[in-house]
Amino acid sequence: MVHYITVATCNLNQWALDFEDNRDRIVHSIKIAKQKGAKLRVGPELEITGYGCLDHFLENDIYLHSWEMYASILKNQEAYDILLDIGMPVIHKNRRYNCRVLSYNGKILLIRPKLYLANDGNYREMRFFVPWLKPKYCEDYVLPRMIQKLTGQLSVTIGDAVISTLDTVIGCETCEELFTPQSPHISLALDGVEIITNSSGSHHELRKLNTRMSLITEASTKCGGVYLYSNQKGCDGDRLYYDGCSLVVLNGQVLAQASQFSLDDVEVITATIDLEDVRSYRASISHGLQAVNQDTHYKRIHVPIELSPQLFTFRSTLKPTPIIDIHYYKPEEEIAFGPACWLWDYIRRCHGAGFFLPLSGGIDSCATAVIVYSMCCLVSEAAKNRNLQVIKDAKMVAAIPDDEEYLPVDPAEFSSRIFHTCFMGTENSSNETRSRAKELANKIGSYHVDLNMDNLVTAVVNLFEVATGKRPIFKIFGGSQVENLALQNIQARLRMVLAYLFAQLLPWVRGRKYGGLLVLGSANVDECLRGYLTKYDCSSADINPIGGISKTDLKRFIHYSETHFHLPILDDFLNATPTAELEPITKDYVQSDEIDMGMTYEELSIFGRLRKIDKCGPYSMFLKLYHLWSDKLSPKDIAIKVKRFFYFYAI
């Protein structure tokens, strides 16, 4: 006996408060799911509003507009004959909830609020929403009048209930609930729920995906069943990139996986499953004993529909979806594609003219430049695949008229239109860094400016001397540390002023009548943590694509990019000594970042991980490093390094 059912889940690139376009992408995903024969479609968390609405979730308007969008979906005939699981915020008894709203053929079936909210790290859901916190508890929800008129329903169930069709039972858990010790999928499975949906708003973080994928596969490995995971993808207006990777899993085996990084706004995956496989998998004695020992049961919303019609039994074209392996990117690949996708979403949605980057010839600004080039490669690949939305957006960013034929199929050519770099040299800059910057710009196609700014630095120093009667000099010429730092900071801050000047005027120089460039920063997470930067220098940018990436990971990324993007010049960046080039170069002295910081970048990465991830204070960090470094450093030397790190971190 077989009971075949085709289910669909999706990645959606939603945008905060973009109600109508969000609605259109939801409807588009429903159409694709139906075309693939799906009877159940699951979407991401808060997909009608976009996940990153922040304090707008406190506004009543957002709840009104959410119901308006849901009403338009309910009356859309193209959204019929498929069970829909859609995410939106709902107000119930004057309290705001993060909900799933399930419907079928123009009728609301269930409103399922989120039980446990994400409220750590990047997430602050309890600032906007109230957790339901009542497993298996339900109430009546009086529908808005517009929905009452449309559906003929006065009220529906709101709470932790499940949907019971003629052939299976469907339950929900939402994002954070999967990560909790007592996840709902356990009690759902023990109560006979065969299909569990999870709608998520999970952001991209280096090396995080395997944790998420493990939890999903382990959930159905232990409990059996079909697990449908849907996630938002893209930048929805906040600083995070949501990395998709929607999944269909059966009894711990992955049947379908959506992309983690792509420029597609809508991506739907489906799988055909035999529900009898779930029932066979759950035939173990231990599963049965725990199931019958449940004290309470979920309220079942009975819906007289078949998701697995009997006529499917002898349909020879219907075949079960084969098992696949989960695809994981290496960390250096994640750096190449994640920030690149985020940058594309940001520039196209803010209607900018492109990017401006101060390109110093060092590895950090080099990494930022290569990420932008990676973005151009993704745009080129999408254009070759005739992604009409990407082509339209590329023409808009590059200021190409709609009626003009243009396909951005050459990454370097497209880069030359939207990416601008500038080497801002002084007498302290070396010929090596200048030539590296120029050659990299040439290889990736950026519009490059090479200038010297010594006259600006001299003018500022002269102004100070006229005003005070004192003229600062560098330390190597006999000046104090205060003078030395001030002279370095003048150069760095002037570069920031120049960066914004060029970002505003370069499009005008090139003949554009409107639009400015977004200024990109290139301060890595280690230097930010250590405070090794000048306030209001080039770290003060509109966007810093590498602000959450360590120096060691950036080096791996550059090594990977040398081959992947065919950029042999990157080897010169890897082998160069990291230097700010803010002090004069002599035959006896060349400024070094690691000497200035009093620690290596490798050590700094370790300090950062211990402080942030392992949550170590100074004493705990010393004890951990004592056991890790005792073969090469004395306890006193380790203590000095830890104290030095926390001293500068505190500042």
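Analyst: A pocket is an open set of grid points with protein on both sides within 12 Å along at least five of seven lines. Rolling a probe the size of a water molecule over the atoms shows where empty space is left. The model here is predicted. Its largest pocket holds about 2,000 Å³ of space.

User: Which residues are closest to the centre of the largest pocket?

Analyst: Asn122, His203, His204, Glu205 and Gly548 are the closest, out of 49 residues in the lining. Two or more lining residues come from each of α4 (176-179), α9 (331-349), α16 (525-530), α17 (551-564) and α20 (601-612).

User: Which element gives the most to the lining of the largest pocket?

Analyst: That is α20, with seven residues.

User: How do the lining residues divide into nonpolar, polar and charged?

Analyst: The lining of the largest pocket has 18 nonpolar, 15 polar and 16 charged residues.

User: Which domains does the assignment give for the chain?

Analyst: Domain 1 covers 4-302, domain 2 covers 331-452 + 498-579, and domain 3 covers 601-650. The C-alpha centres of domain 1 and domain 2 are 37 Å apart.

User: How many residues of domain 1 and domain 2 are in contact, and what area do the two bury?

Analyst: Contact is judged by heavy atoms within 4.5 Å. On that basis, 20 residues of domain 1 touch 20 residues of domain 2. Buried area is the accessible area that two parts lose on being put together, summed over both. Between domain 1 and domain 2 about 1,600 Å² is buried, with 61% of it on carbon and sulfur atoms. On the domain 1 side, Leu206, Arg207 and Leu263 supply 41% of the area buried against domain 2, more than any other three residues.

User: Now single residues. Is Ser380 buried or exposed?

Analyst: A residue is called buried under 20% relative accessible area and exposed over 50%. Ser380 counts as buried because its relative accessibility is 2%. Ser380 is part of helix α10 (residues 363-384). Apart from neighbours within four places in sequence, Ser380 is in contact with Pro408, Val409, Asp410 and Pro411.

User: And His302, buried or exposed?

Analyst: The relative accessible area of His302 is 62%, so His302 is exposed. His302 belongs to strand β16 (residues 300-302).

User: How far apart are His302 and Ile163, in sequence and in space?

Analyst: His302 and Ile163 are separated by 139 residues in sequence, while their C-alpha atoms are 6.2 Å apart in space.

Conventions. Residues are numbered from 1 along each chain as its sequence is written. This is a predicted model: local features need pLDDT of at least 70, side-chain atom pairs count only at pLDDT 80 or more; totals for chains, interfaces and linings use all residues. Side-chain values use heavy atoms; hydrogens and water are left out. On a 1 Å grid over the protein atoms alone, a cavity is a set of points where a 1.4 Å probe fits but cannot get out, and a pocket is an open set with protein on both sides within 12 Å along at least five of seven lines; lining residues have an atom within 4 Å of a point. Grid points are joined across faces, edges and corners, and a volume is the space filled by probe spheres set on the points. Helices (H or I, at least four residues) and strands (E, at least two) are DSSP runs, numbered from the N terminus. Ala, Val, Leu, Ile, Met, Phe, Trp, Tyr, Cys and Pro count as nonpolar, Asp, Glu, Lys and Arg as charged, and the others, Gly among them, as polar. Buried means under 20% relative accessible area, exposed over 50%, partly exposed in between (1.4 Å probe, protein chains only). Domain bounds come from an automatic or database domain assignment. Buried area is the accessible area (1.4 Å probe) that two parts lose on being put together, summed over both.
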